[in-house]
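Dear colleague,

Please read the notes below with the model on your screen.

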Amino acid sequence: MNFPWLTTLLVLPLLGALVVALLPRASTAVRPVALGFSLLTLAVGVAMTTQFRTGSDEPFQLTETYSWIPQFGVSYALGIDGISLTMILLGLVLVPICIVAAWDDVPAVDRRQHTYFALMLALASMMVGVFAAVDVFLFYVFFEAMLIPVFFLIGVFGGARRWQAATTFLLYSLVGGLVMLVAVIGVYLAGPRGPEGFLVTNLTGLDLSVAAGRWLFVGFFIAFAIKAPMWPVHTWLPLAAEQARPATSVLLVGVLDKVGTYGMIRFVVTMFPEATQWATPVILALALVSMFVGAFLAIGSNDILRLIAYTSVSHFGFIVLGIFAFTTVGGAGATLYMVNHGFTTAGLFLVAGMLIVRRGSRDLRDFGGWQRVTPLIAGSLLVAGLSGLALPGLNSFVSEFMVIIGLFQRHPWLGFLAALGVILAAVYILVMYQKLATGPRPQLADVPDMTGREKFVVAPIIAAFLILGFFPQPVLDVLEPAVEQTLQHAGASEPEPAVDTANAEGSGR
Amino acid sequence: MSLLESTLLSVAPAAADIGTNSGSYAVVDGGVAAVGWLMVALPLLGAAVLLLGGRATDRWGPLLATVLSWSAFVVGVLVIVQMLGLAPEDRALQLPMWEWVAAGSFSLTAGLLMDPLSMAFVMLITFVGSLIHVYSLGYMEHDPDKRRFFAYLNLFVAAMLLLVLADSYMLLFVGWEGVGLASYLLIGFWNHNPAFASAANKAFIVNRVGDLGLITAMALMLATFGALDFATVHANASGASGTVLTLIGLALLLAATGKSAQFPLQSWLGDAMAGPTPVSALIHAATMVTAGVYLVARSQAIYDLTPDARLVVAVVGAITLLYGAIVGSAKDDIKKALAASTMSQIGYMMLAVGLGPIGYVYAIFHLLTHGFFKAGMFLGAGSVMHAMGDQVDMRRFGALSTKVKITWLTFAAGWLAIIGFPFTAGWFSKDHIIESAFTAPGWQGWVFGLVALLGAGITAFYMSRLFFMTFHGKARWTDDVHPHESPLTMTVPMMVLALGSLVLGAVLYPTGILTGWLDPVFGTAEHGEPLIPLLAIQVSVFVLMLLGAGLAWKMYAAGDVPQEAPHGSALTRAARRDLYQDDVNDTFFVGPTRTLARTAVETDRDLVQAGLTGGTTAGLTGLASYLRKAQNGFVRSYALTMLIGVVAILGAVWVMQ
């Protein structure tokens, strides 16, 4: 029998959470142990990646299937394709970075620190589960279960309005989850049923009636749109991001929210191709609106964390546009964007967090001139910002560009409108940087620049910007087969170039 | 949408015939060209070392940056030497580097293209760029952030070289935005001044509007050709429909107007003078702002097939050359006057490339000579500012010719070149553009020819005005200045550039060096006779030059220059305000963006409220307030919710079965 890689990835952080939680009250080992477990999980994740074959034509690899509740067709079934692999790896890389970033977030009073880091590790485990589940019901369980650690991370450790933020987050997610639950049951009933009736592979290519397909589609889509988050159901995000600790926001916005777009690809498009076609115009419109509204909201924001959250709304708009363009370039761009956005968001949130701790305020108007106070931190924020505005050479550019040109292949005007987003991105990032870092040096008591620990947070993120900017191909190689498969399920045909260049040997081809 | 889509999706009938066109370049198989990437890598390394090395590199960092910039120049020279050993038609070497992006049928290898056009730019960028590094050693000597300055300069040189050496539009775009970033960083180098920080933002954002054009052009190329590399796109251009080609041409032009500060995206260049003067010389005069001309020249294969787009290019050039000249005549800030002049001169180049094959060589020629004389004058302006305690108001200059002799003489060389004094570099290059303009067909010949001619007259006026106000007439200095000449690190580069301003034209043109070198790229153009005899054009240019310079002498050297700007005519007042470009932009773009942002924030607040209290979630809000009250029992409540959910599922399953 093969080594249960995915279960190991699922259990290790959970075990870590347990160990951390059970450490003696006065233990100083809480943070090192938490970091150790996260790094160990990452190492296992990297080892697992070596077992992944990019050329494989199986829908899922490294699968583990055990019967769980056969009466209801529920299995404990894990497996990954290129998209889930990259999402899991993104999470595994970001967790240790976030733990280091959150090192001093919570003082070692009572068992608060124990709880904080145990919750983060628990969240890491849920992240693996939700992306690795290939049983629709199991996916639903993880989808709901991951709310619990996030809820407490925000509700207990967040800012002044943490409880309201956590509740709003939970309510939105629960509403989406409940609607999805109905659809989950519905799709099971429409499928072959039986003891493995919830397996994704058994629910793909069903012969649904038009009405049934569309209803089920809507059920899933609402949940994912809330999670993604898309306008107009994004409104839980700004409050959550503003009140949560930056490290929590990174995991929430950078990784967990990807469940929304991931779900659209894995479940919505794959299981309901007819309904997808039916709804595509509306979704594209909503995505475009998200992209624009998110950008304008970011331009109008003075709260740094809120601003970053809004840029994510805008970027998720791009991702959804790429998915629903139904071209290989657009789809590959969108899935690559899901990885890139994780790093960009991490850079923005975590560096902003360093500034907020130093200034004791999230309000941009309380800053100004910080390039001269903390040059390294300000410079890092600028680099993260440049990644956010998709500067060529940094990670986001390749993906955003692919989304735009892939969308253009299918809908030229939409592609052009989406491209307008690059101007707005320049506005919100540079205006933020201007308010924060430029202007006369403020009169402050000695503020330390980036500490050694903080350098360990920033360095891997900037390295990821550059590597993914110049050498994204290995990631694209992993993603592409999964994207092609999705396009096949969706029944989309690739638009051909207008001019046949096959005989003209171009250098780049 | 349907029109564009159908155009895009329809295969042009000619496509089949050209299917066998081979568009590949010869791949480098040895020699220095095999390490041509060093040209980009060396200055990039400098930027990385200086930025990451921190204060440890303060002492030797600037020198290292200068050396690395010169090294890129040396590699460039060696590549050219290698190319000279090849037959002219084989002088296009491609150096594939790595597979950058591939998805589906689209694949793109990052690679460099070393051909006569790109290497001409490499020479300009590395030579003038390195000189300006040297100059900056003196100019920035006492700046506490000198190291950061040199890091950005090196970053700029690397990005600019990547821009011209890239073998695909996509890699070109990396350099394209890279120079934009360097420009942003350097304009805002002294961003503790809020106005300078705003100027940096303005430059980047306006450039992004232009970049929208490049992105759109690339999207059109991908949809049409399925590729973004020069070879495939250019070899197959004739297979695309005319509409698509025109759209691509216009989109590329939009990009060019942004980067090259051409109408209607010219507004950022004047504000960009907030950057240290060496930056104005290198980025905002000699190199980066000419990238738009490079883009159009590089895309010759497309523009050759779309006279409509080409006409728009020429029109944009003609408008800008007058616009810049008019604005330049009214500015009292020496750097802003020079910036307006840059706009105007690039307008000439744009006009030239818009004229089609006849103009390409002259556009590049003027670009090279302009790189020398304009950079020289900017450095001269920096030297003057150095002498005058960083003042820029020419109304407080005057009579400096005796105090800063070297600066005066070197500046004079640039001045003679730009006004087109016979046998200087500018005379060779600009006169050819004016003559070419008169060969355009029909009304175009008259319009473009006369505009170019008129522009030459105004150029002579405003540049002489600048020269006389600064160096001649009466001293109008503020009390606290004691003019002194700059150190040799600054004056030597000025002397070199001055020499180039005088002789570069005579060296490159009558000898046939330039035309011969660029011939494999542009070919030999067939062109008609100019509308009026060549000699008449040349004489008119000369007379207009004398008139413009003479008028300036009378007004600004012989006459008194008031220390406060007089009220002036309506045109003067408009020109001082850049012909109201900022007011237009504020009204149509900045204002609406602000309004939209405000509206978005307000709407969002309502949405959040609606989400909390309104319609569908009303019931849950009740639950929320209940849960808020029962904080301690929340885990239980949540478990209860889950339980209810599970029961519901079981019930549903039971009912269904």
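B:Ser260 counts as buried because 30 C-beta neighbours lie inside 10 Å of it, where 20 or more are needed for that label. Please keep in mind throughout that this is a predicted model. B:Ser260 is found in the loop between α9 (242-259) and α10 (268-271) of chain B. Once its neighbours within four places in sequence are left aside, its contacts are B:Val289, B:Thr290, B:Ala291, B:Gly292, B:Val293, B:Ile346 and B:Met350. For B:Val293, the separation in sequence is 33 residues, while the C-alpha atoms of B:Ser260 and B:Val293 are 7.4 Å apart in space.

The loop between α9 and α10 of chain B also holds B:Pro264, and the peptide bond that joins B:Phe263 to B:Pro264 is cis, with an omega of about 5 degrees. In chain A, another cis peptide bond runs from A:Trp231 to A:Pro232, with omega near 0 degrees, and A:Pro232 lies in the loop between α9 (210-227) and α10 (236-243) of that chain. As background for these bonds and for the next residues, most residues other than glycine have a negative phi, and most peptide bonds are trans.

Two alanines have a positive phi. A:Ala390, with a phi near 60 degrees, lies in the loop between α17 (375-388) and α18 (395-410) of chain A, and it counts as buried because it has 29 C-beta neighbours inside 10 Å. B:Ala399, with a positive phi of about 55 degrees, lies in the loop between α16 (357-387) and α17 (405-419) of chain B, and it counts as partly exposed because it has 16 C-beta neighbours inside 10 Å.

Let me turn to the sheet in chain B. It is an open sheet of three strands in the order β1-β2-β3, with mixed pairing. Because β1 (26-27) and β3 (106-114) of chain B stand at the edges with a single partner strand each, one side of each is left without a neighbour in the sheet. β1(B) pairs with β2 (residues 93-103) of chain B in the parallel sense over two bridges, and here B:Ala26 stands opposite B:Leu93, while B:Val27 stands opposite B:Gln94. β2(B) and β3(B), by contrast, run antiparallel and are joined by nine bridges, with B:Pro96 opposite B:Gly111. These two strands form a hairpin with two residues between them, and B:Gly104 in the turn has a positive phi of about 60 degrees.

Helix α2 (residues 38-53) has 16 residues and spans 21 Å from its first C-alpha to its last, close to the expected 22 Å, and it is followed by B:Gly54, whose phi is positive, near 65 degrees. Among its buried residues are B:Met39, B:Val40, B:Leu42 and B:Leu50, and what covers the buried residues of α2(B) includes α3 (61-84), α4 (116-139) and α5 (146-165) of chain B.

Which residues touch the most other members of the largest nonpolar core? They are A:Leu321, B:Leu161 and B:Leu351, in a core of 455 residues, to which helix α7 (residues 194-225) of chain B gives the most, with 20 residues. Leaving aside neighbours within four places in sequence, B:Leu161 is in contact with B:Met39, B:Val40, B:Ala72, B:Val122 and B:Ile125, and B:Met39 and B:Val40 are two of the buried residues of α2(B).

With best wishes

Key:
Residues numbered from 1 in each chain as written. Chains lettered and ligands numbered in written order. Predicted model: local features only at pLDDT ≥ 70, side-chain atom pairs only at ≥ 80, totals over all residues. Pairing = 2+ DSSP bridges. Helix = DSSP H or I, 4+ residues; strand = E, 2+ residues; numbered from the N terminus. Expected span 1.5 Å × (residues − 1). Buried ≥ 20, exposed ≤ 12 C-beta atoms within 10 Å, placed from the backbone. Contact = placed C-beta atoms within 7 Å. Core = buried A, V, L, I, M, F, W, Y, C linked by C-beta atoms within 7 Å.
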